[in-house]
Amino acid sequence: SGAGVLVILQIKAAVRLKEDMKKIVAVPLSEEKNPTCKKLFGVSLQELQRQGLMENGVPTVVWSLVEYLTLHGLTQEGLFRVNGNVKVVDQLRQQFESGARVELQELGDVCAAASLLKLFLRELPEGVIPSALHPRFIQLFKDSRCDAQEHSLRDLIRELPDTHYCLLKYLCQFLTKVAKHHLQNRMNVHNLATVFGPNFFQ
């Protein structure tokens, strides 16, 4: 949709921000892991698909977090800018990777769920937008004509691997919903781009 394209335009613009913007969304985690756990973070989308860890074309962990945030987080002020408690985020990650049933509604922690979603995206080996396409995105956004940008952007997005395309589409649909509630959550398109730009483009 047009709103989704607008989100992508703003997200790409955010890539030009200073490197220290990544610190805003940084969430340090304990490195101690149970060897019997199935790794979900830092794993390629293709590998997650191969292992059957997808739901409706997106990683199951992303699906769970986004569905929860859609129901309970759209009006949360500072959504994605206020980090969740580090220990809670780490415990939540371990629950997902242990294969245990994760009851996000019982946890009732929007900030922790939002932080875990950012963490998942940040640890994707190739990012949401594969690095091989970065130069073409950068060149695209040097063009001055907005109509040409949008047309070329659509063509470029179609070149994404299916797993990356599905995830990008799903996230853009979600972020568009978040932006529609910006009067309550204070997260307009520009603010979302600032947060998600470093996570989309590794």
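Visitor: Where is the place of threonine 163?
Guide: Threonine 163 lies in helix 9, helices being DSSP runs of H or I of at least four residues and strands runs of E of at least two, numbered from the N terminus. This is a predicted model, in which local features need pLDDT of at least 70 and side-chain atom pairs count only at pLDDT 80 or more, while totals for chains, interfaces and linings use all residues. Residues are numbered from 1 along each chain as its sequence is written, and side-chain values use heavy atoms, with hydrogens and water left out.

Visitor: Why is threonine 163 called buried?
Guide: Its relative accessible area is 6%. Buried means under 20%, exposed over 50% and partly exposed in between, with a 1.4 Å probe and protein chains only. Threonine 163 is therefore buried.

Visitor: What is threonine 163 in contact with?
Guide: Neighbours within four places in sequence aside, threonine 163 contacts Leu45, Gln46, Gln49, Met54 and Gly57, where contact means heavy atoms within 4.5 Å.

Visitor: Why does asparagine 56 count as exposed?
Guide: Asparagine 56 has 60% relative accessibility, so it counts as exposed. This residue sits in the loop between strand 1 (54–55) and strand 2 (58–59), and its phi is near 55°, a positive value in a residue other than glycine.

Visitor: Why does arginine 186 count as partly exposed?
Guide: The relative accessibility of arginine 186 is 47%, so this residue counts as partly exposed. Arginine 186 is in the loop between helix 10 (182–185) and helix 11, with a positive phi of about 60° although it is not a glycine.
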